Amino acid sequence: MSNISLILKDLRTQKDAFQKDVANDLNIETNTYGSWERGNTEPPIDMLITLAKYYGVSVDYLVGIENEDYTKSRTKNDNIASNKKEKILIDIFRELNNAGKEELLDFALFIKTKQ
């Protein structure tokens with residue numbers, strides 16, 4: 001298994017997505033994406049670029065050259081969340097007025113202290 005395959009699987013699972021979800025988003029066959037994750041084949045360079053944009057990382061990170069925390073290279077607000085639950089919370093937070101945001105933050109801090 002290549003570094004690319006391990007990195008792709010890690011990025012996908014952190015997004016809380018299935019292979020078929022990513023494949024659909026990228027307009028490719030599920031078995032093609034699965035083959036990349038299993039290390040049977042590697043994505044062509046044009047798809048590496050697409051994958052890097054999709055996951056919000058650099059191509060260098062995908063191929064294992066850069067050992068950065070991939071969240072540092074994210075630029076789009078939608079890529080801030082690493083899974084579906086975080087995205088839902090961020091979307092809800094953005095829709096609240098300032099008072100609602102303060103109340104949600106206070107509640108989150110309260111919950112955190114109970115753990």
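**Entry 1**

**Entry 2: stepping back**
This is a predicted model, so I also checked the confidence. The chain averages a pLDDT of 83, and 83% of the residues score at least 70. I counted 7 helices and 0 strands in the chain. Of its 115 residues, 30% are buried. I also looked at contacts between residues at least 6 apart in sequence: 45% of them join residues at least 24 apart.

**Entry 3: the core**
Next I went for the largest nonpolar core, which has 20 residues. Leu 8, Tyr 33, Leu 51, Tyr 55 and Leu 62 have the most contacts inside it. H1 (3-14), H2 (19-26), H3 (30-38), H4 (45-55) and H5 (59-62) each supply at least two of its residues. Which helix gives the most? That is H4, with 6 residues. I then followed Leu 62, leaving out its neighbours within four places in sequence. Leu 62 touches Ile 4, Ile 7, Leu 8, Leu 11, Leu 48, Leu 51, Ala 52 and Val 57.

**Entry 4: a charged pair**
I searched the whole structure for salt bridges and got 1. The side chains of Glu 37 and Arg 12 form it, at 2.5 Å from N to O. Glu 37 sits in helix H3 and Arg 12 in helix H1, so the pair ties together parts that are 25 residues apart in sequence. Are these two buried or exposed? Glu 37 is buried, with a relative accessible area of 4%, and Arg 12 also counts as buried, at 10%.

**Entry 5: where I read with care**
Among the helices, H3 has the highest confidence, at a mean of 95, and H6 (residues 84-95) the lowest, at 80. Over residues 69-78, pLDDT stays under 50. The model has 19 contacts beyond four places in sequence for that stretch. Where pLDDT is low, the predicted coordinates should not be read in detail, so I left those contacts alone.

Methods: Residues are numbered from 1 along each chain as its sequence is written. Side-chain values use heavy atoms; hydrogens and water are left out. A nonpolar core is a set of buried Ala, Val, Leu, Ile, Met, Phe, Trp, Tyr and Cys residues joined through side-chain atoms within 4.5 Å. Buried means under 20% relative accessible area, exposed over 50%, partly exposed in between (1.4 Å probe, protein chains only). Helices (H or I, at least four residues) and strands (E, at least two) are DSSP runs, numbered from the N terminus. Contact means heavy atoms within 4.5 Å. pLDDT is the predictor's confidence in each residue, from 0 to 100. A salt bridge is a side-chain nitrogen of Lys or Arg within 4 Å of a carboxyl oxygen of Asp or Glu.
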